[in-house]
2 protein chains.
Amino acid sequence: MRIALCQTNPVIGDIDGNKKVILDLYQKACDDKADIAIFPELSLLGYPPLDLVEKKEFREYVKKATAEIAAATIENTAIIFGSLHEDIDNVGTNLFNSAYFCEGGEVKLIQHKTLIPNYDVFDEMRYFEAAKDTAVIEYKGRKLGISICEDIWNDKDYWKVRLYPEDPIEKLIKKGADLLINISASPYSYGKRIEKEEMLSGLAKKYNSDLVYVNCAGAQTDLIFDGASMCFDRKGRLSAICNLYSEDYLVYNTESAAEEIHLIERAFCAEMHDALALGIKDYCRKPGFKKVLIGLSGGIDSAIVVYLAVKALGAENVNVVMMPSQYSSKGSIDDSVKLIENLKISAKTISVEPVFDAVTEALKPHFEGRPQDVTEENLQSRIRGLYLMAISNKFGYLLLTTGNKSEIATGYATLYGDMCGALAVIGDVYKTDIYRLAEYINRDSEIIPKEIIEKEPSAELRHNQKDSDSLPPYEVLDAILRMYLEENKESEEISAVTGDAQLTKKVLRLVDINEFKRKQAAPVLRISYKAFGYGRRFPIVQKWRNQ
Amino acid sequence: MRIALCQTNPVIGDIDGNKKVILDLYQKACDDKADIAIFPELSLLGYPPLDLVEKKEFREYVKKATAEIAAATIENTAIIFGSLHEDIDNVGTNLFNSAYFCEGGEVKLIQHKTLIPNYDVFDEMRYFEAAKDTAVIEYKGRKLGISICEDIWNDKDYWKVRLYPEDPIEKLIKKGADLLINISASPYSYGKRIEKEEMLSGLAKKYNSDLVYVNCAGAQTDLIFDGASMCFDRKGRLSAICNLYSEDYLVYNTESAAEEIHLIERAFCAEMHDALALGIKDYCRKPGFKKVLIGLSGGIDSAIVVYLAVKALGAENVNVVMMPSQYSSKGSIDDSVKLIENLKISAKTISVEPVFDAVTEALKPHFEGRPQDVTEENLQSRIRGLYLMAISNKFGYLLLTTGNKSEIATGYATLYGDMCGALAVIGDVYKTDIYRLAEYINRDSEIIPKEIIEKEPSAELRHNQKDSDSLPPYEVLDAILRMYLEENKESEEISAVTGDAQLTKKVLRLVDINEFKRKQAAPVLRISYKAFGYGRRFPIVQKWRNQ
């Protein structure tokens with residue numbers, strides 16, 4: 001069977017646009033004499049559509065487009081694509097996340113999703129009911145077992161702890177399926193692709209079944225989809241794989257012997273680099289922004305964001321502003337200039353001082369007798385935010401924010417200051433990984449000036465300030481944060497590793513009490529198993545760990 | 001049976017504090033010779049605990065406290081309180097939202113919640129599994145049917161459209177329950193109390209059963225719980241009700257005839273007033289803030305927020321700042337001064353102009369040849385944000401933000417400007433309702449100066465600016481927003497009411513494209529069926545309604 005894997009990058013809610021992409025690629029598959037063209041989960045809507053599906057007008061628009069796609073199919077080239085299905089019995093949401101199998105102008109099967117994920121960034125139980133059953137469809141001598149994303153992630157031989165009692169894949173096999181097809185919208189986090197390959201390979205082998213997995217590519221606000229649609233033969237060998245981090249189209253023949261493919265997840269920095277660049281690109285491209293703006297401090301974080309923006313959008317679309325204050329070291333400016341020259345981007349320089357002086361003068365009568373404190377530090381950061389937002393407003397540039405995960409975790413950032421911006425590009429990257437990323441970027445030649453990499457981290461908001469004045473060394477901090485945030489470890493377990501219960505407790509408390517800042521933070525591009533944002537939900541007013 | 005209704009206001013995560021409140025009130029119930037003391041849903045944890053329950057350390061702490069409460073019970077005075085239960089079978093979350101029935105030092109029954117809400121502000125399927133069964137417990141000659149919140153909201157005779165196929169209350173009745181007990185943490189929105197009374201009354205009558213409903217009181221960040229725990233006799237008559245918007249303790253005797261109570265939801269303004277004041281109070285009190293700060297513009301929104309803050313915290317804890325610019329009318333200052341005198345609060349005045357001049361001077365070389373536009377308007381708003389945050393930082397005052405629902409909906413607010421603040425007090429109140437609230441506040445004497453109420457709404461960010469320059473009249477705008485946001489109506493339906501399809505489309509599009517601002521907004525105190533924030537989830541990058 002000749003299968004066209006259609007790895008698309010839908011725009012959420014752009015039903016007309018997504019439909020056009022589907023129909024165009026389907027036409028290509030027909031021209032290529034494919035037996036079947038397969039598109040990702042909810043490929044007509046974009047994933048995740050969230051509360052859009054609660055709008056009747058939206059559902060009706062989707063329904064109409066779904067019928068149009070079905071009507072456009074010819075005989076001998078079937079299509080599988082993801083869309084909604086509504087089945088009103090006045091109990092529950094009456095909505096399903098479904099795979100449509102169409103051929104010869106007709107819908108031949110609608111398979112609903114059985115396992116509805118509702119953890120981390122997934123909120124699907126809010127919208128979708130579970131399929132009551134699964135069906136196998138016979139097509140050109142093969143028995144197709146169609147499933148949707150989560151459906152295939154619950155094999156009892158693979159998982160020690162399972163989220164659901166049912167296994168729709170096992171059911172499909174029992175019903176005779178010999179070609180498993182899974183359509184997905186599976187957001188990337190580091191390590192997931194290798195796990196996916198292992199898990200899917202195991203299933204193909206266990207069930208002696210061909211297996212075709214079609215994922216989407218592209219970024220949807222904070223979520224990054226890495227594509228990498230895969231085909232496995234009956235021995236569980238990975239026989240074909242689509243592009244990483246971009247749309248792709250590939251015809252796979254289940255009957256031709258293919259060479260086994262290895263090594264599908266690269267080193268962390270390479271994956272992170274491509275994922276973040278894609279995140280910037282789609283965040284700008286989809287709503288129609290061309291140019292971005294970044295405040296360049298002379299530190300490594302903003303340097304990395306500028307570099308990634310250049311990768312994503314081209315140097316001509318990246319604008320930076322340097323905003324030195326009395327506390328900025330000469331190095332900060334020189335190093336920034338070097339980076340600007342390396343990347344050939346346009347830059348402005350605006351001094352913080354005149355406005356800082358005007359603000360302190362205005363506040364003087366009210367602050368009399370009070371010593372300088374964090375107020376004045378925040379003020380500098382906020383004046384920079386003021387400048388950046390003014391330039392963003394005046395020129396229509398999208399402001400990118402440059403805080404890293406270690407900072408956002410501990411609240412070492414100024415709300416309405418350096419937290420200003422539409423997208424937190426490296427908000428899911430620990431400071432220690434920022435250094436790794438810089439090394440990766442410089443692997444062939446020095447793009448990020450070594451002075452930027454080598455200097456001691458500092459917010460430069462007071463004389464001779466260093467990050468290490470307020471925070472433990474980043475190696476220690478990040479190790480604690482990683483255990484706490486991603487591995488969901490507890491304070492005792494973490495203390496056992498750090499050997500410092502007091503420090504551990506201090507860091508965990510910092511994370512907990514800074515929830516109010518994160519509530520007002522820009523969306524964070526997600527590359528880890530647990531990013532700040534939609535997938536992590538903590539109460540703001542709460543006293544756990546404060547007692 | 002003598003039942004002590006213990007309407008508590010837990011602090012989320014403060015297990016020790018909540019345990020003490022429970023044990024103290026239980027002791028009081030023992031002293032009062034109550035047969036049973038009943039506490040709200042998850043009363044030991046505070047509701048909603050969100051991702052805290054994913055922490056093993058947290059669960060273990062809760063488990064220990066749960067056992068301590070059980071151990072402290074004596075014979076003849078039982079307790080029912082809400083806590084977690086963990087049952088590890090390696091499938092699903094292994095966690096339950098449970099009611100503990102304890103007496104004589106022992107746990108006699110753990111009834112898990114059957115219906116797990118997962119819509120609007122509820123995310124419980126993320127955390128909790130559904131009870132597999134319900135049990136009736138015999139106690140002092142009565143058969144108690146215990147349920148938790150949502151369990152009681154699915155009666156097929158009451159609801160035309162149901163969210164769940166099961167009905168745990170019907171099951172309890174079939175098992176012989178003659179005293180229905182429901183423990184809740186049911187967030188308030190206007191109209192819900194009267195509906196609740198009707199629904200519960202109907203159940204008591206239909207099943208010829210006593211019914212005791214115990215809700216919590218207090219605010220948890222954005223969610224406001226109105227208390228109003230209720231008792232119904234077998235004829236469905238409301239026989240007792242606890243305080244609105246505050247903790248309460250009440251002993252109800254099922255055997256004594258009580259007079260029927262009527263009228264339990266007051267006029268919208270009275271409810272809104274009390275709800276918002278409680279929201280401010282608990283947002284400050286629970287984390288330990290004493291004083292708040294508000295920017296006073298001379299407009300009605302900030303006037304109302306200042307008034308509510310005074311109601312919640314006392315005049316001595318409310319500080320305001322007036323920040324006139326060249327565009328501020330003389331009236332704005334005079335009217336603000338009048339309000340300040342009426343409320344006896346402390347005020348500062350700081351002019352925007354010197355800083356505005358310094359910023360425009362600093363940006364001049366970069367803005368050359370560009371006309372003035374919204375940039376300069378935003379700048380003024382952001383300078384005010386800068387001042388307010390500096391004062392907030394310097395004095396440890398919590399900054400309240402003053403945007404109303406109409407503004408937040410349409411994006412008629414400046415990100416990092418007037419949107420600065422820890423809590424959006426009136427972010428769920430339409431502009432037209434703000435006027436109603438002002439009238440209510442002034443019902444006995446003029447507290448909000450009539451000049452503030454009568455002036456035409458203006459952001460005063462440019463010469464002679466009026467809100468009506470950019471927005472339709474608020475009566476029209478709010479009618480559209482209400483249909484769109486709360487009634488989930490569609491553009492065609494709304495156009496049919498407004499008679500202006502173009503205007504309707506414009507407003508709906510404004511709501512949709514301003515999601516990025518709301519992502520970074522302060523938590524909004526929720527008083528309507530659909531508030532901005534946790535209960536409304538839209539993709540930021542999306543093209544629906546943009547095509």
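**Exercise 1.** How many residues does the contact take from chain B, and how many from chain A?

*Solution.* Let's begin with some ground rules. This is a predicted model, in which local features need pLDDT of at least 70 and side-chain atom pairs count only at pLDDT 80 or more, while totals for chains, interfaces and linings use all residues. Residues are numbered from 1 along each chain as its sequence is written, and chains are lettered from A and ligands numbered from 1 in the order in which they are written.

Two residues are in contact if their C-beta atoms, placed from the backbone, lie within 7 Å. By that rule, chain B gives 83 residues and chain A gives 83 residues.

**Exercise 2.** Which helix of chain B supplies the largest share of the side that touches chain A?

*Solution.* Helices here are DSSP runs (H or I, at least four residues), numbered from the N terminus. Helix 1 (15-31), helix 2 (56-71), helix 8 (353-367), helix 9 (374-395) and helix 17 (515-519) of chain B each supply at least two residues of that side. The largest share, 13 residues, belongs to helix 9 of chain B.

**Exercise 3.** What rotation superposes chain B on chain A?

*Solution.* Copies are superposed by least squares on the C-alpha atoms of residues with pLDDT of at least 70 in both. The answer is 180 degrees, with 0.0 Å of shift along the axis and an RMSD of 0.0 Å. That is the relation of a two-fold axis. Gln520(B) comes closest to the rotation axis of the residues of chain B, at 2.0 Å (C-alpha). Finally, 100% of the interface residues of chain B are also interface residues in chain A, so the copies meet through the same surface.
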